[in-house]
Amino acid sequence: MSYYDPKDLRKFGDITEWSEELGNKYFDYYGKVFEEGALTAREKSLIALAVAHTEQCPYCIDAYTKDSLQRGVTKEEMMEAIHVGAAIRSGATLVHGVMMMNKVNKLDG
Amino acid sequence: MTKIKTQSLHKRHSELAQANRQLQILSNGIFVEELPTFADKIKETGHFPLRPGTLEVLQINVGYMCNQVCEHCHVDAGPDRKEIMTWETMELCLEVIRNTGAHTLDLTGGAPEMNPNFRRFVEEASKAGIQDFIVRSNLTIIRANKKYHDLPEFFKKHNVHVVSSMPHWTRGKTDKQRGDGVFDASIEALKMLNKVGYGMPGSDLRLDLVYNPSGAFLPGDQASMEKDFKKALMDDFGIQFHNLFAITNLPISRFLDYLIASDNYEDYMYQLVEAFNPSAVANVMCTNTISVSWDGWLYDCDFNQMLELKVDSKVQHIRDYNEAILNDRNIIISQHCYGCTAGAGSSCQGTVA
Ligand code: SF4
Ligand code: SF4
């Protein structure tokens, strides 16, 4: 058995069963966040898709790939969004290289 | 040149060419153990049995022949389909068109223009003075052969409202669903329609586009999609149109075949059921439409026509047409109906909720 079962995504709403108030508050918030606002729902979907990848959440990747398709997002746009996520993620790793350099300079400069 | 993708299920002798087989699939499997049937679902919302309201749309399918073989086609249309409405049946339809209370006449196919009596039929039907006279044109037919190049002028002359399919504003996604070269031919056809005045702002020559998803997912918000389509078609090609109708693919015929072959059937049905919108039920297409097949039989909608589910009425054929008797009937439903009630709902005129 695998830890992740695609069918579990359909049961996401069930989390309210063991903590109704918090669950409902979360889903209300979630729904509100993805409404059309200063950003379009389409833009939000692409951000979610990029973050789904940096979080490496299979459920979110599944959900936001489909959501992007529903909003007419093209493959090229989806892949570029993921590259943005990847660039920030690798940048975040690399920028810590400065920390390493500082430390080396201090200890062995 | 457009390139045909495949053959119809009929031509391939696929078991899914049989309406009975499709209905069996839709009534078994997940609908026995996991998901509620459509009847159960609308019992919960107090809409069972589903009944028609006032008749508004007379939709006539003049034949299943088409110059394309789109992947998702619920008609299983294609060049190999020989079911074509005869002039005799058209005359029966004209009689009904002259006397109907419906305000909209909607000609569909296949590619309706391929019926040899199409023009004669349009000329006669347009004299009946119906408020909104729609022809569902797949666009590429206008470019398919010289004899069709004047269709935009012909439509204009008879004040026809043109409704055309366009699954995406990019070539790749359109051609994947509809066949190689379809996108370019459609763009050319749209330019020809614009040129005679179709789709221009303020023009009475209505040109609407139908968007239906190119795969196993539901359509996004109709208004946002319309904005995106308008911007892309204007920026890239200088093309204009009036409205975009977002239509959900119903799980029948070639789309059902695609769902099963790509292992998406269960997920897709879950999506449809989860997106069930009670407020769409009262306005599903069959509540204001009668669908007539190429051979004159009457159905609740074009989908039921393809599933060979004739109206549950004493009057079943155009030759016996009687609006009052027809209106007093129960609509025949099955699990494909979930496609009409998902999200904002779906009909030939777009969302309904
Ligand atoms: S979807 Fe329309 S254009 Fe495509 S094959 Fe069917 S009838 Fe023809
Ligand atoms: S598929 Fe036809 S019968 Fe079923 S809800 Fe839709 S329009 Fe009505």
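Predicted model: local features only at pLDDT ≥ 70, side-chain atom pairs only at ≥ 80, totals over all residues.
In chain B, 8 strands make up an open sheet with mixed pairing, in the order E6-E5-E4-E3-E2-E1-E7-E8. Its edge strands are E6 and E8 (298–299), each of which pairs on one side only. Strands of a sheet pair through backbone hydrogen bonds, and the pairing may be parallel or antiparallel.

Strand E5 of chain B (residues 207–211) can be followed in detail. On one side, 4 bridges connect E5(B) with strand E4 (residues 161–165) of chain B, and these two strands run parallel. In this pair, B:Val210 of E5(B) stands opposite B:Ser165. E5(B) is also joined to strand E6 (residues 244–246) of chain B, by 3 bridges, and this pair runs parallel as well. Here B:Val210 stands opposite B:Phe245 in E6(B), and B:Tyr211 stands opposite B:Ala246 in E6(B).

In a regular strand, side chains alternate between the two faces of the sheet. In E5(B), one side carries B:Leu207, B:Leu209 and B:Tyr211, the other carries B:Asp208 and B:Val210, and all of these are buried. Because 5 of the 5 residues of E5(B) are buried, meaning under 20% relative accessible area, the strand is largely enclosed by the rest of the structure.

**The two ligand sites**

Ligand 1 sits in the largest cavity, and ligand 2 takes up the second largest cavity. The table gives the classes of the residues around each ligand.

| Ligand | Nonpolar | Polar | Charged |
|---|---|---|---|
| Ligand 2 | 10 residues | 2 residues | no residues |

The residues around ligand 1 include B:Cys66, B:Cys70 and B:Cys73, along with B:His72, B:Asn138, B:Arg178 and B:Arg254. Among those surrounding ligand 2 are B:Cys286, B:Cys301, B:Cys337 and B:Cys340, together with B:Leu250, B:Val284, B:Met285, B:Phe303, B:Ile331 and B:Ile332. B:Asn304 and B:His336 also belong to the surroundings of ligand 2.

For E5(B), by comparison, 5 of the 5 residues are buried.

Methods:
Residues numbered from 1 in each chain as written. Chains lettered and ligands numbered in written order. Heavy atoms only, no water. Near = heavy atom within 4 Å. 1 Å grid on protein atoms, 1.4 Å probe; cavity = no way out; pocket = protein on both sides within 12 Å on 5 of 7 lines; lining within 4 Å. Sits in = over half its atoms within 2 Å of the grid points. Nonpolar A, V, L, I, M, F, W, Y, C, P; charged D, E, K, R; others polar. Buried < 20%, exposed > 50% of the residue type's maximum accessible area, 1.4 Å probe, protein only. Pairing = 2+ DSSP bridges.
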